[in-house]
Amino acid sequence: SLVLSLVFGLTVACQMFSGSQGIEDLGAARVESAEKVPFAGIARTLAYSKGGDSLVVAGCQSGGSNSENPCATGLVQVWNFQGTSSATTRTLPRGVTALAMSPDGSKWVAGDTEGRLILSATKGVSKPFHQKTEITALAFSPDGKWIASGSLDPAFPLGLMDVMVGGV
């Protein structure tokens with residue numbers, strides 16, 4: 001019965017997506033051309049702002065020609081697509097592993113390999129935020145007042161940070 005269900009399911013799926021039905025029939029957007037966006041490192045995560053006015057790309061870059069670590073420092077680039085398509089770049093002490101954009105698109109938060117959360121609205125780098133290892137996931141609350149972070153820290157795998165106060 002499992003084999004019959006599998007065969008029947010595949011037959012139905014093949015009929016639904018047969019060669020006679022083009023990708024545009026499935027409601028997908030057509031891409032006519034693409035532009036290369038320069039990023040001076042290894043892109044590990046990215047997020048669009050609400051409305052798609054900007055793109056934030058984050059990851060890491062080598063510490064220089066003498067460095068054996070390809071992810072010695074963190075790198076965040078914000079591309080503004082309104083008007084000039086200019087990019088602003090911010091370097092961070094460690095590689096960025098997670099990124100999230102606020103619901104209103106006004107700020108981003110990045111998480112790094114050492115458990116730090118870095119908000120775009122702050123100068124410098126936030127101190128470690130109880131999570132002692134790599135941040136693996138980030139999300140803003142729908143009202144933008146909280147940031148949830150997941151990490152590899154078994155003692156503190158999930159954290160919540162108050163955006164206004166910076167406290168957990």
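In what order do the elements of the chain run from the N terminus on? They run α-β-β-β-β-β-β-β-β-β-β, which is to say that the chain has one helix and 10 strands, where helices (H or I, at least four residues) and strands (E, at least two) are DSSP runs numbered from the N terminus.

## Basis of the description

This is a predicted model, in which local features need pLDDT of at least 70 and side-chain atom pairs count only at pLDDT 80 or more, while totals for chains, interfaces and linings use all residues. Residues are numbered from 1 along each chain as its sequence is written, and side-chain values use heavy atoms, with hydrogens and water left out.

## The chain as a whole

Of the 168 residues of the chain, 33% count as buried, a term that means under 20% relative accessible area, with exposed meaning over 50% and partly exposed in between (1.4 Å probe, protein chains only). The chain exposes about 10,600 Å², of which carbon and sulfur atoms supply 59%; accessible areas come from the Shrake-Rupley method with a 1.4 Å probe, and for residues only the protein chains shown count as cover.

Among the contacts in the chain with a separation of 6 or more, 33% are accounted for by residues 24 or more positions apart, a contact being heavy atoms within 4.5 Å.

## The four-stranded sheet

Four strands form an open sheet in the order β1-β2-β3-β4, with antiparallel pairing; two strands pair if DSSP finds at least two bridges between them. The edge strands, each pairing on one side only, are β1 (42–48) and β4 (87–92). From one strand to the next the twist averages 20°, with axes taken as lines fitted to C-alpha atoms (for helices over the stretch in contact) and angles running from 0 to 180 degrees between N-to-C directions.

Within this sheet, β1 and β2 (residues 54–61) pair in the antiparallel sense over six bridges, and T45 stands opposite A58 in β2.

## The disulfide

A search of the whole structure finds one disulfide, defined as a pair of cysteine sulfur atoms within 2.5 Å. The disulfide joins C60 to C71, with an S to S distance of 2.0 Å. Because C60 lies in strand β2 and C71 in the loop between β2 and β3, the pair ties together parts that are 11 residues apart in sequence. C60 counts as buried at 0% relative accessibility, whereas C71, with a relative accessible area of 24%, is partly exposed.

## The three-stranded sheet

A further open sheet has three strands in the order β5-β6-β7, and its pairing is antiparallel. Its edge strands are β5 and β7 (117–119), each of which pairs on one side only, and the twist averages 20° from one strand to the next. Five bridges join β5 to β6, and the bridge partner of L99 in β6 is A110.

## The nonpolar cores

The largest nonpolar core has 12 residues in all, among them A47, V56, V76, L92, L99, W108 and I118; such a core is a set of buried Ala, Val, Leu, Ile, Met, Phe, Trp, Tyr and Cys residues joined through side-chain atoms within 4.5 Å. Strands β2, β3 (73–80), β5 (96–101) and β6 (108–112) each supply at least two residues of this core, and β5 gives the most, with three residues.

Leaving aside its neighbours within four places in sequence, W108 is in contact with residues including V56, V78, R90, M101, S120 and F140. A second, separate core of 11 residues includes A100, V109, L117 and L138.
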